Amino acid sequence: MNSTQIQQAKNILKPNFQKLLQNAERDFNFVLTKQGLHNKQPVTLYRFEPNESIHLEQQHVSLLINDTTKNLQGLVRLLPKYQSSSQQVSKEIALQITLNFLKDYAPDLLENYNNNWINTHNETIIVDGKKNTLTGMKVKCRDLNTGLYFWTIIGPDQTVMVFERDIDWDFIRAGRQTQKWLHDSWLAKHL
């Protein structure tokens with residue numbers, strides 16, 4: 001990201017933009033912006049990659065911003081450094097990191113929630129032409145005020161790999177009903 005892109009992202013996000021990304025990620029290139037709806041709310045997706053143009057299924061940082069409130073709806077940091085290893089944070093530490101993250105980026109979710117479960121979770125990206133599995137500790141919760149779900153995935157380095165909120169989950173209709181803005185398989189069908 002160049003200084004102009006960083007400033008644009010800072011203006012969009014509140015608070016503590018610099019805490020979301022590590023140094024190398026701040027040098028990624030801005031490759032995509034896309035607007036649409038996330039559970040009937042207007043949102044904009046911002047995607048950054050080390051490449052000059054978009055490459056789905058490869059490493060990236062993506063931010064989903066609510067256009068009305070300017071709050072963070074989602075964050076994905078799918079990076080090779082999260083390649084699967086036996087080293088993972090404990091469930092207790094993953095929950096604490098999640099709660100600290102929510103204090104800064106989604107304090108409303110802390111008002112009335114239930115932690116459903118915490119367990120390891122895998123994502124995949126392509127690195128140098130090969131599929132790589134990334135592993136973190138997923139903390140899945142439900143906002144009891146809205147009935148919607150939210151979660152984080154905490155990397156072995158104790159940073160947030162993934163944050164998603166306001167997810168409508170319908171078990172009768174086989175799972176998630178909310179758009180998957182931060183998932184490349186969904187994005188490929190909607191570009």
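Student: How many cavities of 30 Å³ or more does the count come to?

Tutor: Good place to start, and keep in mind that this is a predicted model. A cavity is a space where a 1.4 Å probe fits but cannot get out. With the cut-off at 30 Å³, the count comes to one cavity.

Student: Which element gives the largest share of the lining of the largest cavity?

Tutor: The lining includes H38, L64, E164, R165 and I167. Two strands, β4 (72–78) and β8 (160–167), each supply at least two lining residues. The largest share, three residues, comes from β8.

Student: How many charged residues are in the lining of that largest cavity?

Tutor: Let's sort the lining by class. Asp, Glu, Lys and Arg count as charged, and E164, R165 and R176 are among the residues lining the largest cavity. Beside four nonpolar and four polar residues, the number of charged ones is three.

Student: Now to the pockets: how much space lies in the largest pocket?

Tutor: Unlike a cavity, a pocket is an open set of points. The largest pocket holds about 330 Å³.

Student: Which element gives the most to the lining of the largest pocket?

Tutor: The pocket is lined by 20 residues, and L78, E123, L182, H183 and D184 are the closest to its centre. Several elements each supply at least two lining residues: β4, β7 (149–154), β8, α4 (184–190) and β5 (113–127). With four residues, the one that gives the most is β5.

Student: How many of the residues lining the largest pocket are nonpolar?

Tutor: Take the classes one at a time. Five of the lining residues are polar and seven are charged. The nonpolar ones number eight.

Student: Which residues are the closest to its centre?

Tutor: The second largest pocket has 13 lining residues. By class they divide into six nonpolar, four polar and three charged. The closest to the centre are K19, I97, F101, T159 and V160.

Key. Residues are numbered from 1 along each chain as its sequence is written. This is a predicted model: local features need pLDDT of at least 70, side-chain atom pairs count only at pLDDT 80 or more; totals for chains, interfaces and linings use all residues. Side-chain values use heavy atoms; hydrogens and water are left out. On a 1 Å grid over the protein atoms alone, a cavity is a set of points where a 1.4 Å probe fits but cannot get out, and a pocket is an open set with protein on both sides within 12 Å along at least five of seven lines; lining residues have an atom within 4 Å of a point. Grid points are joined across faces, edges and corners, and a volume is the space filled by probe spheres set on the points.
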